[in-house]
Amino acid sequence: TRARRILDLVEEGASTHDVDSMTGILGDTYSLYGEVVVPVVLAEIAGEPLSLAEQQLVDELAAWSYTCPTGLDGHDPADPAVADPFEAQEARGCTAFHALLTALTHRALADEIAQASAASPTGVTLVDRSDVHLVVRALRAPTALTSGELLWDDVASPSVVETRRDIILSALSLAADELAAIGEPDDWRWGRVHTFSLRSIYDQFGVTEYNDGPYAAPGGLYTVNVANPAATAWEPGAPFDFGFVSGASVRFVVEIGPDGPRMTYQLPGGTDLHRDGPFYNQLLERWLENEPVPFAFGPGAVDSPAVPAQLG
């Protein structure tokens with residue numbers, strides 16, 4: 001979906017693209033997964049009686065235009081909310097979508113995974129979000145699956161054959177309960193729950209004091225501005241974990257002109273690894289905002305490399 005979205009945007013701009021439009025593509029947060037999942041879900045549950053919490057979730061999904069801004073004025077998850085009503089709506093809708101997709105994946109496949117694990121001496125391990133891919137494919141092109149509608153049947157209840165609508169309604173209830181625990185819909189803003197954290201090499205040894213974050217971050221599952229929430233196994237009753245630790249390690253755009261190359265770049269860090277140094281993570285704020293830094297080419301292009309203003 002990231003590649004598809006990039007191609008769509010490149011084709012849309014055709015010969016009018018410039019450095020600014022290419023930079024905009026790097027920061028694009030439009031969710032093609034959302035564009036596939038949400039209309040199917042809304043059509044499936046149309047006319048069903050819903051609780052207040054479920055209706056709030058459905059209302060946010062119905063108003064969502066499939067982008068994933070933070071909805072906050074700053075990068076601290078506790079920062080004030082932005083006043084812009086559209087950005088606020090998008091930030092709430094993005095959270096509602098990721099919550100629903102998480103719950104839907106669990107309700108659709110947890111039973112099969114548990115049964116398969118019980119029958120295997122080594123258990124079943126899913127990789128690369130294959131469970132999410134399968135559920136989205138089942139919604140987008142159900143006839144492409146050999147099992148067809150059997151995917152939706154809960155094998156833990158052999159006396160009942162659940163339908164797609166049954167599972168979607170159950171997932172809606174699960175997601176609504178967890179979101180209600182966060183607060184009212186305006187508390188669901190994406191930047192409150194979708195955070196980026198930098199991990200040092202020492203993190204793998206249990207030493208966390210050199211980590212940095214969390215920071216509220218835009219983007220979502222398989223958006224061009226890649227910010228995939230952690231692929232953790234979620235169970236009902238547990239809070240959603242939409243934090244992430246892997247993203248674009250570098251973003252750059254190069255334009256070749258008669259006077260040579262012109263380049264801008266972004267890094268999720270800084271030019272100094274010393275936490276007390278003036279250049280520690282000084283590029284991170286720009287990376288979070290998709291604001292590039294000019295890259296200087298050639299001798300003499302930078303007069304004072306140690307002056308922070310040279311990066312701005």
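## Salt bridges and packing in a predicted model

The structure holds 13 salt bridges. Everything below describes a predicted model, so please read it with that in mind.

### The chain as a whole

The protein chain has 9 helices and 5 strands. Read along the sequence, these elements follow the pattern α-α-α-α-α-α-α-α-β-β-β-β-α-β. The C-alpha atoms fill a box of roughly 75 × 50 × 40 Å, taken along the principal axes. Of the 312 residues, 44% count as buried.

### Charged pairs

Side chains of opposite charge can pair when their charged atoms come close.

| Salt bridge | N to O distance |
|---|---|
| D28 and R5 | 2.9 Å |
| E44 and R164 | 2.7 Å |
| E60 and R92 | 3.1 Å |

Take D28 and R5, whose side chains meet in a salt bridge at 2.9 Å. The two residues sit in distant parts of the chain, 23 residues apart: D28 is in the loop between α2 (19-26) and α3, while R5 is in helix α1 (residues 2-13).

Next come E44 and R164, with their closest N and O atoms 2.7 Å apart.

The side chains of E60 and R92 meet in a salt bridge at 3.1 Å. This pair, too, links distant parts of the chain, with E60 in helix α4 and R92 in helix α5, 32 residues apart. E60 counts as buried because its relative accessibility is 8%, under the 20% limit. R92 also counts as buried, at 13% relative accessibility.

The axes of α3 (residues 32-45) and α5 (residues 85-119) come within 11 Å and cross at roughly 75°. That makes α3 roughly perpendicular to α5. Which residues meet here? On the α3 side they are Y33, G34, V37, V38 and V41, and on the α5 side F97, L100 and L101.

### A buried arginine without a salt bridge

R251 lies in strand β3 (residues 251-257). Like the arginines discussed above, R251 is buried, yet R251 has no salt bridge. Why is there none? The nearest side chain of opposite charge, E289, is 9.7 Å away, and a salt bridge needs a nitrogen and an oxygen within 4 Å, so E289 is out of range. What does the R251 side chain reach instead? It comes to the backbone oxygen of W287 at 2.9 Å. Leaving aside neighbours within four places in sequence, R251 is in contact with L26, N225, T264, Y265, Q266, W287 and N290.

### A partly exposed serine

S197 lies in strand β1 (residues 195-198). With a relative accessible area of 22%, S197 is partly exposed, because that value falls between the limits of 20% for buried and 50% for exposed. Which residues does S197 touch, not counting those up to four places away in sequence? They are D212, G213, P214, F244 and V245. One of them, P214, is 17 residues from S197 along the chain, and their C-alpha atoms are separated by 4.7 Å.

Terms used: Residues numbered from 1 in each chain as written. Predicted model: local features only at pLDDT ≥ 70, side-chain atom pairs only at ≥ 80, totals over all residues. Heavy atoms only, no water. Helix = DSSP H or I, 4+ residues; strand = E, 2+ residues; numbered from the N terminus. Buried < 20%, exposed > 50% of the residue type's maximum accessible area, 1.4 Å probe, protein only. Lys, Arg positive; Asp, Glu negative; His and termini not counted. Polar contact = N/O pair within 3.5 Å; in protein donor to acceptor, adjacent residues only side chain to side chain. Contact = heavy atoms within 4.5 Å. Axes fitted to C-alpha atoms, helices over the stretch in contact; angles between N-to-C directions. Parallel < 35°, antiparallel > 145°, perpendicular 65-115°, else oblique.
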